[in-house]
Amino acid sequence: MRVPLSVTVNGIAHSVEVDTRSSLATMLRDDLGLTGTHVGCRSGNCGACTVSLDGDIVKSCCVLAPEMDGAAIETIEAVAPSAGELHPVQRAFVAEQALQCGFCTPGMIMAVVDLLRRNPDPTDREIRAGLAGNLCRCTGYAPILRAVHAAAREIATDFKGSR
Amino acid sequence: MHTPELAYFQPGSVDEALALLAEWGPDARLLSGGMSLMPALNLGTTRVRALISLCQVPGLRSVTAEDGLLRIGARTTHADLARLPVVRETCRMLADAADGLADVQVRNRGTVGGSLATAYPGAEYPTVLSALGADVHTRGPRGERRIPVAKLIVGSGQTVLAPDEMIVAVTVPLPVPARMAYLRYSRIQGNYSTVNVAAVLDDGGGRLAIGGATPRPVVVPLTPALVDGGAGHPSDSAGSALMHAASAACADACDDHLASARYRRHLAGVLARRIVDQARANGEGR
């Protein structure tokens, strides 16, 4: 069974017809070709598939695509401001070597961007709680914590500079 | 998803959802937040032929406090409970419990009704809501039912809900006593609790609920003598009595990869003492 949907992804309106068995992650990857969203576990544990749904982050492997009619979704593809420029969180991840294999990174970045939007200057404890839904098997998390702090500082500086 | 074909429905009312549930029987499942059902479908541990999404049923995602009841719609998310002022002001323990479960992404999507219907041992709401004396409100072909949360769950993943019945709301009697507290213990942040405890104290004693230790949460009525057994109290005999009562209530404790039954019974006693003390301290504004 297939159902037609109207969804807005990264600001662009799409009309798609999805298999009723599809998850949001499958819709993004297979129907819309947005393969930046990774699928690690399909069980809501790893967080690699994290996207923003109507302003709140969710694990897209555990959201049923047919429910997405009328939804607004943001994925990792929309985080960088332009093709040649990275988001401060992405730059901090590079600078602090907060990734190795990179599989968890799209979900991590989505979660960190969401965290810093709600809490621009988080403590270590708040970062740990904010990223509890994202697993990384390479870094041991310490570089990720450093990257979040570095990104928070850079965003704060940018903000002051722009005033 | 391990099914050759999946029928999908998006009813616009509770009546319509119930009609679909009656029509499809055990082949269908209601989809609320999907935080337990979707992983089970993805991994093939649960199979269905039809999903009935509640995402377009109006009125299920709302919270009100009136006529002495905090009424929580079944599709209210954990994040809603954690951030809505009406919950935090009337029942802070519930807001804190919602804020501490799972992780950000799951809290944004998972729902109160879904969690209760899933009835996983170690979930927050069965414990907290049992201690609060809350009721679940259901609808089905035979009308409405009001079931105490403490009687909803009969085993791991098992409830007294009929297959064609659905949870529409939860109500908590107000005002909630100031002397209340909730505590969870899990080895990993975000996992279901190995053991969790909630205490609500009043002049006649109160209620202690223990979750995660046993397949279904247990409620221990607290006498004033047992309340005196909090960890900060000098009387060792009262403390021992409280610990013993809590451990004894967990006679059929779960024995699994997380913890042995003996460990869970012991932990239930330790946490009981700690939480009764904390509840008492909360009442003194500490």
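Okay, ground rules. The model is predicted, so to speak of a local feature I need pLDDT of at least 70, side-chain atom pairs count only at pLDDT 80 or more, and totals for chains, interfaces and linings use all residues. Residues are numbered from 1 along each chain as written, chains are lettered from A and ligands numbered from 1 in written order, and side-chain values use heavy atoms, leaving out hydrogens and water.

Let's start with the whole chain. Chain B has 12 helices and 14 strands, taken as DSSP runs numbered from the N terminus (helices H or I, at least four residues; strands E, at least two). What is its radius of gyration? For chain B it's 19 Å, which agrees with the value near 19 Å for a compact globule of 286 residues; that's over C-alpha atoms, and the rule is 2.2 Å times the number of residues to the power 0.38. The C-alpha trace spans about 65 × 45 × 35 Å along its principal axes. And 55% of the 286 residues are buried, meaning under 20% relative accessible area with a 1.4 Å probe, protein chains only.

Now the helix pair. The axes of α5(B), residues 92-100, and α8(B), residues 124-131, come within 10 Å and cross at roughly 175°, with axes fitted to C-alpha atoms over the stretch in contact and angles running from 0 to 180 degrees between N-to-C directions. That makes the two helices roughly antiparallel, the word for angles over 145 degrees. Who touches whom? On α5(B), Met93(B), Leu94(B), Ala97(B) and Ala98(B) meet Glu124(B), Tyr125(B), Val128(B) and Leu129(B) on α8(B), with contact being heavy atoms within 4.5 Å.

Technical notes:
Parallel < 35°, antiparallel > 145°, perpendicular 65-115°, else oblique. Buried < 20%, exposed > 50% of the residue type's maximum accessible area, 1.4 Å probe, protein only.
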